[in-house]
Amino acid sequence: MHLVHHLEEVMGTVVTIDVYAHAAAPSVEITPLVDRACLLLHQADDVFSTWKPDSPMSRLRRGEITCAQAPPEVAEVLELCATARDLSGGWFDPWALPGGVDPTGFVKGWAAQRALDALVSPLVTGAIVNAAGDIAGFGGPGGSRPFRFGIVDPTAPGDLICVVEPPAALATSGTYERGAHLIDPRSGRPMARVASASVTGPDLGLADALATAVAVAGGDGLGVVEAVDGFEAMTVDFDGSMHWTPGFPMAAIGEAAPSAGGQGPDGSRSALPGSPGPNR
Amino acid sequence: MRRAMIVMAATVAGLVGVLTFRTTPARLTLGALPGASVTRTAPPPTVAGAPPPPSSTTTTGAPPAPGPTTTTTPAPTTTAAPTTSRTATGASVNYNWGVMSVSATVTGTRITKVFIASLDDGGNSRSQSIDQQSIPILEQQALQAQSANIQGVSGASYTSAGFAQSLQSALGKLNVK
C-alpha cells in the first residue's frame, strides 16, 4: 500500500486528491489517473465559474449564449440541478438566486465526484477528492476499513463535533465562517436556520446541493433528505444541539455528549468512548 | 413565504422522527475516538488500516515554490523518527475574505506546531472579526485532526478550508500526511 497525495489549486481553492494504491502499483501508473482527475476539475472550473467573465456559465447568465450553445455539460448540470431542486423540496434552487441561475452549490461536488471517478483502477484500493471540505471517496485507506472524516463543530470551528463513515460522499454547508451567504429560495434573502448541515450519500453533487438545502431549511430539511434514497443528514443548531436522521453514518461524537436521549434505532452511538465500537 | 414554510412543515411532519439531543460542549478530544492515538510524545502508532506514517528515510527537501505538488509515500515501515524539527509553509490559499497561508512544524511524523504564516484579508472589518474568531481555534483543530485518525475534515467554510488546505500543503512538503 502506498499513498499518492496531490494538491491542486482549482475552483478558487485547493482540492486534495489522495490515492491509496496497491504496494505493487508503480507511481508512474498512478500519476496519469491523478492528472486526469485534475483535468476534469479544471474543465469544470473553466465551464462553470461565475468568477470568470468569459466562462460559458457567465455568458449564459448574461444571456449572451443559450444553453444549446454552451458545452453539453452545462445542460447536464442544469438538469441535475433541477432534479436536486425537486428532491430538496425547493430548498435548493439555483434559479432563485440573485444574479441569475447559479449552479455553484452543485458544481463543486459534481466536479469532485467526476474527478474521483477518474481514479478508479485495479491498482487503486481507495481514493478521496476533498474539495474544500466537500469530500467524495471510494474504497478505504487499507484493509477493509472505510474512510472516516471529521465534521467541524460550527459553534467552535476549531473542534470536530463528530466523525462519520460516509458511503461515498460527505458535504457540509453553513454560515459560520462565510457570513449569511446562503439564500432562502422562498424569500430570495440570506437565511440559514441551522449553524451547519452535513449530508452523506452515494453522490457528492447531490449531497452538496442537499447540504445547502438543509442549512437553509433547518430541522425540516432532515425529513426532506431522509426521503431521498441513500442520503442522510445531520444538523447542528446555533446552540450546538445536534440532530440527525437515523441512518446517518455516525462513527463517533464528542465525549461530552449526554448518554441519554439520543439513542438511535441503528445504535449509531455505540462507537462512543467507553463503549465497544462496532466492527466496521 | 410564510405560507410556503407552513406547507413545507406539513409536508415533512409525517416523516420519520429525527434523533435529537443536546451536545453542549461536544468536543472530540485526543483519545475520544476509536483508534485514536493517546500518545502525544511519540510518533503515532500504526493503527490497522490507518494511513501509513511516512518513513523518515524518504524525507526530501521541501519544494521551493507553492503550487500543485504531488508526494508519494512509501509503504509503512515505522522506524525511529528523526527528532529534528522541520517547518514548512503551505501554499497561499484564497478564502472568502482574502489569502492565507499556514506553516507547520513537525518532529519526526508528529505535528508539533501549526500557525498562520500570512493572512491578507484586505482590511475588511467583517473579515477581521471572523478571522479573529476562527483562526486560533483552528490551530487546535489541525492538531486534533491528526490525532483522530481520520482522512479528512468537512466543514462549511472558506476560512477553515483554506487553513486546512494550506496546512496539508505544508505537510506535503514535509512528507507528513
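User: What should I know before I start?
Analyst: The model is predicted; local features need pLDDT of at least 70, side-chain atom pairs count only at pLDDT 80 or more, and totals for chains, interfaces and linings use all residues. Residues are numbered from 1 along each chain as its sequence is written, while chains are lettered from A and ligands numbered from 1 in the order in which they are written.

User: OK, chain B. How many helices and strands does it have?
Analyst: Chain B has three helices and seven strands. Helices (H or I, at least four residues) and strands (E, at least two) are DSSP runs, numbered from the N terminus.

User: In what order do the elements of chain B run?
Analyst: From the N terminus, the order is α-β-β-β-β-β-β-α-β-α.

User: How much of chain B is buried?
Analyst: Buried residues are 44% of its 177 residues. A residue is buried if 20 or more other C-beta atoms lie within 10 Å of its own, exposed if 12 or fewer, and partly exposed in between, with C-beta atoms placed from the backbone.

User: Where do the chains meet in it, parallel or antiparallel?
Analyst: S5 of chain A (residues 149-152) is joined to S7(B) by three bridges, and the two run parallel. There, A:Gly150 is opposite B:Val153.

User: And the rest of that sheet?
Analyst: S5(A) and S6(A) are antiparallel, over four bridges, and A:Ile151 has A:Cys162 as its bridge partner in S6(A). S6(A) is in turn joined to S13(A) by three bridges, also antiparallel, where A:Cys162 partners A:Ile253. S6 of chain A (residues 160-164) is mostly covered, with five of its five residues buried.

User: Switching to S2 in chain A. Which strands does it pair with?
Analyst: S2(A) pairs antiparallel with S1 of chain A (residues 2-10) over nine bridges. S2(A) also pairs with S3 of chain A (residues 124-131), antiparallel over seven bridges. A:Glu8 is opposite A:Val15 in S2(A), and A:Asp18 is opposite A:Ile128 in S3(A).

User: Are the faces of S2(A) covered or exposed?
Analyst: Both faces are covered: A:Thr13, A:Val15, A:Ile17, A:Val19 and A:Ala21 are buried on one side, and A:Val14, A:Thr16, A:Asp18 and A:Tyr20 on the other. In a regular strand the side chains alternate between the two faces of the sheet.

User: Helices next. What about H3 in chain A?
Analyst: H3(A) (residues 72-87) has 16 residues and spans 23 Å from first to last C-alpha, close to the 22 Å expected. The expected span is 1.5 Å times one less than the number of residues.

User: Which of its residues are buried?
Analyst: The buried ones are A:Val74, A:Val77, A:Cys81, A:Ala84, A:Arg85 and A:Leu87. They cover an arc of only 160° around the axis, so they lie on the same side of H3(A). The arc is that of the directions from the helix axis to the C-beta atoms. On the other side, A:Pro72, A:Ala75, A:Glu76, A:Glu79 and A:Asp86 are exposed.

User: What covers the buried side?
Analyst: The cover includes H1 (27-48), H2 (56-61), H4 (104-117) and H5 (204-217) of chain A.

User: Last one: why is A:Ala211 called buried?
Analyst: A:Ala211 counts as buried because 36 other C-beta atoms lie within 10 Å. It sits in helix H5 of chain A. Leaving aside neighbours within four places in sequence, A:Ala211 is in contact with A:Ala171, A:Thr172, A:Ser173, A:Ala197, A:Ser198 and A:Val199. Contact means that the C-beta atoms, placed from the backbone, lie within 7 Å. A:Ala197 is 14 residues away from A:Ala211 in sequence and 5.5 Å away in space, C-alpha to C-alpha.

How values were computed
Pairing = 2+ DSSP bridges. Contact = placed C-beta atoms within 7 Å.
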